[in-house]
Amino acid sequence: LAARFLKHKHGTMVMSLQLQGLAWSVLLVLPLQADKSCEVGASLSEEIATLRAAPPGFLTKLGDAYAARQVLDGRKLRLAPAEVLNCSAPPKEKGKQASGVVDEWPWRSKADITIFSGPYKKEHRVILQFPSTWPHRPPVVRFGSKISSPYLWQDEDDHISVANRLLEVELAREAQKHEGTSVLKVLNVLHSMLRKPISEKTESHQWSQLASSFKKDIQVVRKYRKKRKHGFLFTVRGFTAKDQPHPVEPALRAALANITGWVDREAARTRLLASGVVHEILPGMVYSFAVFTKQFCEILMEEVQNFHATGLPARRPNSMNNYGVILNEIGLEPLMFAIQDEVIQPLSAVLFPKEGSELESHHAFTVRYKGGEDTHLDVHTDDSDVTFNVNIFGDYEGCPLVFCGIVGAPDHRHFHTAYTHRLGVAVMHSGRHRHGAEDITRGERVNLIIWSYSYNFRQSAASRKKHKREKGPPDLRCLSYTHDRDFGRFKEYPIGKRKKFFGQGWCPKRGSEYDGFIPEVPDKPKAWARGDL
């Protein structure tokens, strides 16, 4: 009964979220096969192949259909069982299907659609999650960036835009009208809603207002279009343009190809680390690998310098770095999605399965360290699920990247290792890993950083930070003047920092302090904090 109920009611995202926890828990004990999910996958793959052969003009790129590597079950994360992943595995890995597998497993694909005129003029990343009832029910739709639209709501914490009820109803209407929908019909609706209101009568004014707001948000992108130095960088296809040298080092491409279509995650991880291309800086936590060719680093750096030369406004990349540029805000968002697709996602799915199995959006920027500007970066954690950090320019000394522990862990303020950047070589780690860049002593260093986000992970209970009691006083290299309540007990504040940060720290969280902890400023009594005194 529960299985039939889910099939009947799985039409909209809201309903599926309400039913998901109950339905999965019941289905787990039923002796079902993965056959139905595999049938959906086979149908989708065939449809996508046909669409790629004769794509509509607005479709810039359409990704493969694949069994979701991870789903959100209520607030719990579930990784895909091998029986489902086996549907799309290479023949050499395909084996006998086992019983007891939920056949309601969803499939996914990503698409890039281009709007050629109007306020939404740019490439847009779309994430599609197809239910087992496809094509009789439409997919769940999310956009990989923040878009002001009457058909989407922006999730600020997840850095993504999610289909709202208006869009869900329109997609469902299309499916009912034709007794089933298709990938092309879904994409046509998404393309249309960014060109004009779906309903002129009821949504015209709201559409115009929000479209004007979005146009204002991307005004720097629009102004920079005619001033670009390397135009091929500004489309998702440009990353692997046929008339340009491949930007990724051949050894890494070979290592990634060797784990394509994996079914056994641990076996894929073993092959990856055995390749000699990906190195564990900290076992299970921090990895390094040569990723970009010297030529690509030079081209990307030339584009960044070209933008700075225009004098167009650029917001600081984050709350701690003052020198750099947010690449999405100058039109390089498609290129960053391409890097995420080609490099970050396949690595994250194997190395960081909880946070990185399904990456959907990102925040990409450059940072610059130089005497007289930002000379260091105080230890911190990132607002990311997986961080990709690669050096693209530098003739410098000093400025090592210091790694401590995972936020909330007993050793999160204890030193683990120091990493030295090299041109074209990336380091990748969880955003929750405390780290910082120590002082540069000579020259200049510029890095590209991509913070990747997982909607599934951020909606799950696993994303909640838990703080355990610290096992002892912090190591000096892992102290933060920005965040730590006891910084002044161990070190002098850097010049110009004491006035802003003294007594403003929050770490360690109250109740998680090590034995003998003394804050630099006495804690306020609880009654004082409540306002009773």
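## Exercises on a predicted model

In this predicted model, the protein chain has an average pLDDT of 89, and 89% of the residues score at least 70. Over residues 1–33, however, the pLDDT is below 50, although this stretch has 52 contacts in the model beyond near neighbours in sequence. Residues 526–533 also stay under 50 in pLDDT, and for them the model has 3 contacts beyond four places in sequence.

**Exercise 1.** Compare the reach of helix α11 with its expected span, and then find which of its residues are buried and what they pack against.

*Solution.* Begin with the limits of the helix: α11 covers residues 294–310, which is 17 residues. From its first C-alpha to its last, α11 reaches 25 Å, close to the 24 Å expected at 1.5 Å a residue. Next, list the buried residues of α11, which are Phe 296, Cys 297, Ile 299, Leu 300, Met 301, Glu 303, Val 304 and Phe 307. In the model, these buried residues pack against the helices α8 (219–224) and α12 (333–351), and also against the strands β12 (361–370), β14 (386–398) and β19 (440–453). Finally, look just past the end of α11, where Gly 311 takes a positive phi of about 80°.

**Exercise 2.** Decide whether Glu 333 is buried or exposed, and name the residues in contact with it.

*Solution.* First locate the residue: Glu 333 lies in helix α12. Its relative accessible area is 8%, and because buried means under 20%, Glu 333 counts as buried. Then set aside the neighbours within four places in sequence; the contacts of Glu 333 that remain are Lys 122, Glu 123, Ser 145, Leu 327, Asn 328 and His 362.

Note on methods: Residues numbered from 1 in each chain as written. Predicted model: local features only at pLDDT ≥ 70, side-chain atom pairs only at ≥ 80, totals over all residues. Heavy atoms only, no water. Helix = DSSP H or I, 4+ residues; strand = E, 2+ residues; numbered from the N terminus. Expected span 1.5 Å × (residues − 1). Buried < 20%, exposed > 50% of the residue type's maximum accessible area, 1.4 Å probe, protein only. Contact = heavy atoms within 4.5 Å. pLDDT = per-residue confidence, 0-100.
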